[in-house]
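Today I'd like to go through the charged pairs in this model. Please look at the structure while I talk.

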Amino acid sequence: MARSLWTGSLSFGLVNVPVQLSSAVRDVGIHFRQLHAKTHRPVDVKRFCSAEDVEVQYRDVAHGYELDDNVVIVTDEDLETVEPRKTRTIEIEAFVPLSGVDPAYFNHPYVLLPIGDSEGTLRAYQLLVEVMATTDRAALGRFVMRTKEYLVLVRAREGRLSLVTLLWHDEVRESTGIAPAGRAKKAAVEQTVALIEELSVDWDPSRYEDRHRERLASVIERKRKGGTVKAPKPEREPAATPDLMAALEQSLAKMKLEGLSKQELLERAADEDVDGRSNMSRDELMEALS
Amino acid sequence: MPRSIFNATICFGLVNVPIKLHTATDNKTVSFREVHESDGAPLEHRRVDPESGDEVDFGDIVKGYEISEGEFVELSKEEVKAAAGDRTKTIPIEEFVPAADIDPIYWAKTYHLGPREGGEDAYKALQKALEQTKRAGIGRMTFHDREYLVAVRALEGVLGLHTLHFADEVVDAGEFDLSEPQRGPSQREVKLAASLIDTLSDDFTPEKYDDSYRERVLKMIEAKAKGKQIVRSEPDEPAEESDLFAALQASVKGVKG
């Protein structure tokens, strides 16, 4: 069972459901320790006062905030004084269309689960799951975790309540000045749409593996066996496509050929009178036809 | 024009679109420096050899992967880099998926893409075509020696790039145990709850919500800088609701009234 990061209640109108929050993503990355190259031992990281050059214990650490060239020292007790009042509740304020929230706002995903086995809690939780599953809206609310206030979306996902924290509006930048001037050419857009359609598949996240993690694991394995590891030569950046329409047309032509069987490619080659076609491989046929 | 942080070329079909990457999000949480409580001096994190107590230079640090207690496989910075692969300059896009089908759980961090010289026409065509088809291009990007799964999609007038979580990072719903109530919610309760959703329906207008906590922290810091006394207020505790139907009914009345 995943660790709960926060407990409190989800407040929907006058209905309160006691819930706990767990992360919906886990860290599966490969982690390293910092070793001293000479002694091969892990190093410790210690805090030192930059003025006195002495080690500082954790209990003697305060938070410093730079304000007009001065450092204001803030303690945990100071921060507690400004903690929002309703610290144990996720208060739902509105129901918004999920499609109306740009993914740029999504921050971290969590799951909300009911606390305890009381019939009332379980029923209220299930009611929210059922009713949220029938709407394409998500509940917008806020809550406080540790010392930070979050704007969150709650919705039903796979029979449970899923919560995602959102960025605040001033944390999402405007894109002014980034796009190139002028409109796209209609013909180029049409051909790009056609190419996108050719390359379209269903979204199936299980098809994508973290190849970086796999490569890192294999680097570790080779080193463990006493082998050597060399970085691959960095690739050269390809040049920008000089003739967009030609590149789009060639891409589409290639896609169409790729969809043909070898027999169909041979027939196409016969139609176009390609020399030496009967001894060609599939790739050679495609090359000759494109 | 905002500064870019990285240059690469998006490749799909035989089309190469040189782009630059711009940060699209900022974390505005009030952040503090660690200081020494007694004199307010900033703290330094130093790497120290645990036996000799001597400081260790960053240049003398290697990465150690612990294969068993106290036994490490050592990797130099170059060897760690080797795992980044060789596609460091391109963002190959092999396929396109309906953007709305990507569950919110998968989205990680967002960037804006700008065009580079010679790529303006292809940039504009791709942006418009993604907007029309409502699709996202799925590809890989190597950034700071790490390969990410990315989705390229049309934002308002620009191309956006989002890093995505890998499927094995997402916890299966089945791993979160859930007990079922003996009696499920009644039709009446579902109907009432649905009508509460209807009454509370609104568009998502992010500007309506401010991080009030951030504002209070900043005010408190200013007050403290002026030497004012800081006082704490007590949090409210909500009561658990026992009569689900009555609570729903009262909520709907409350909202409508």
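Glu44(B) has a relative accessibility of 33%, so it counts as partly exposed; buried means under 20% relative accessible area, exposed over 50%, and partly exposed in between, with a 1.4 Å probe and protein chains only. The side chain of Glu44(B) meets that of Arg46(B) in a salt bridge, 3.0 Å from N to O, that is, a side-chain nitrogen of Lys or Arg within 4 Å of a carboxyl oxygen of Asp or Glu. Arg46(B) is buried, at 15%.

A word on the basis: this is a predicted model, where local features need pLDDT of at least 70 and side-chain atom pairs pLDDT 80 or more, while totals for chains, interfaces and linings use all residues. Side-chain values use heavy atoms, without hydrogens and water, residues are numbered from 1 along each chain as its sequence is written, and chains are lettered from A and ligands numbered from 1 in the order written.

Next, Arg47(A) and Glu34(B) form a salt bridge, with the closest N and O atoms 2.9 Å apart. This pair crosses between chains, from strand β4 (residues 44-49) of chain A to strand β3 (residues 33-36) of chain B; strands are DSSP runs of E, at least two residues, numbered from the N terminus. Arg47(A) is partly exposed at 21%, and Glu34(B) is partly exposed at 27%.

Within chain A, Arg142(A) and Glu93(A) pair at 3.0 Å, N to O. They sit 49 residues apart, in strands β9 (residues 137-145) and β7 (residues 89-97) respectively. Arg142(A) is buried at 19%.

Over all chains, the search finds 37 salt bridges.

Note on methods:
Helices (H or I, at least four residues) and strands (E, at least two) are DSSP runs, numbered from the N terminus.
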